[in-house]
Amino acid sequence: MRNPSPAPAPAPEPLPLLWLLSDERNDAGIEQAFANLPEASGFVFRHYHLDGEKRRDRFTHLASLARSHRHRVVLSGDVETAREWGADGVYGSAALQPAAGHLRLAAAHDGAELQAANAAGVDGVFLSPVFPTRSHPGAGALGPMGFAVLAQQSLVPVIALGGMTAERAQVLGWPRWGAIDGLADGLRAQRRT
């Protein structure tokens, strides 16, 4: 009698198309934003303005709410903290390191950072800033052409970030995008059309 073949490994979950990134300035509206996002969107918890237990407590609360809407929850921090806190993944420079069993999302602002993300084999990369943004006032933006040139060089899925709204995602012709405070306005406008 032959041994049965092992069951195939489950396919990895697809990378969400829409991502909400947290920040001090959008903290008060995050709970409502979770309800407005399509189910199974992504959430990157940053909250750099909080330290220690306050940051962990806020993460625990928001992660629970996000998961009630089936959103993926990624922590900006190191891999050990992401595991300890029960995050689905890690965001930022820590994503360039191996993190078995965790989603790894890097940030890239130029070709060199994009190539580092490619070399690390991350699961996705936030490419920014596409448009001028309040996060980095006065900083140069890639613009649609610069974004397109860099995005074509990526070996992994690209998430457009920086001044993004639903309207700008349509103009850019890019389905996968994220925002800090532009997302809520973009979703409201999208629902009106």
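This is a predicted model: local features need pLDDT of at least 70, side-chain atom pairs count only at pLDDT 80 or more; totals for chains, interfaces and linings use all residues.
Some ground rules before the details. Since nothing here is experimental, local features need pLDDT of at least 70, side-chain atom pairs count only at pLDDT 80 or more, and totals for chains, interfaces and linings use all residues. Numbering runs from 1 along each chain as its sequence is written, and side-chain values use heavy atoms, with hydrogens and water left out.

Let's start with β2, residues 42–45. Strands (E, at least two residues) and helices (H or I, at least four) are DSSP runs, numbered from the N terminus. Both faces of β2 are covered: Gly42 and Val44 are buried on one side, Phe43 and Phe45 on the other. Buried means under 20% relative accessible area, exposed over 50%, and partly exposed in between, with a 1.4 Å probe and protein chains only. In a regular strand the side chains alternate between the two faces of the sheet.

β2 runs parallel to β1 (residues 18–21), joined by three bridges; strands pair if DSSP finds at least two bridges between them. Leu20 has Phe43 as its bridge partner in β2. The chain gets from β1 to β2 through helix α1 (residues 30–36), in a right-handed β-α-β crossover. Right-handed here means that, with the strands pointing away from the viewer, the path from the first strand over the helix to the second runs clockwise. Strand β3 (residues 72–76) also pairs with β2 in the parallel sense, over four bridges, and Val74 in β3 is the bridge partner of Val44. β2, α2 and β3 make another β-α-β unit, which is right-handed.

**Rings and core**

What links Phe34, Phe43, Phe45, Phe59 and Trp85 into a cluster? Ring pairs do. The structure holds seven aromatic pairs, and two of them are tabulated here. Rings of Phe, Tyr and Trp (its six-membered ring) pair if their centres lie within 6.5 Å; planes under 30 degrees apart count as stacked, over 60 as edge-to-face and the rest as tilted.

| Ring pair | Centre distance | Plane angle | Type |
|---|---|---|---|
| Phe34 and Phe43 | 4.9 Å | 85° | edge-to-face |
| Phe43 and Phe45 | 6.4 Å | 70° | edge-to-face |

Phe34 is buried at 0% relative accessibility, and Phe43 is buried with a relative accessible area of 0%. Phe43 and Trp177 have the most contacts inside the largest nonpolar core, which has 44 residues. Such a core is a set of buried Ala, Val, Leu, Ile, Met, Phe, Trp, Tyr and Cys residues joined through side-chain atoms within 4.5 Å. Helix α2 (residues 52–68) gives the most to this core, with four residues. Apart from it lies another core, of 12 residues, including Leu15, Leu21, Val44 and Phe126.

Ala40, in the loop between α1 and β2, has a phi of about 65° and is partly exposed at 33% relative accessibility. His47, in the loop between β2 and α2, has a phi of about 40°, but this residue is buried at 0% relative accessibility. Further along, the peptide bond from Ser128 to Pro129 is cis, with omega near -10°. Pro129 sits in the loop between β6 (124–127) and α5 (143–151).
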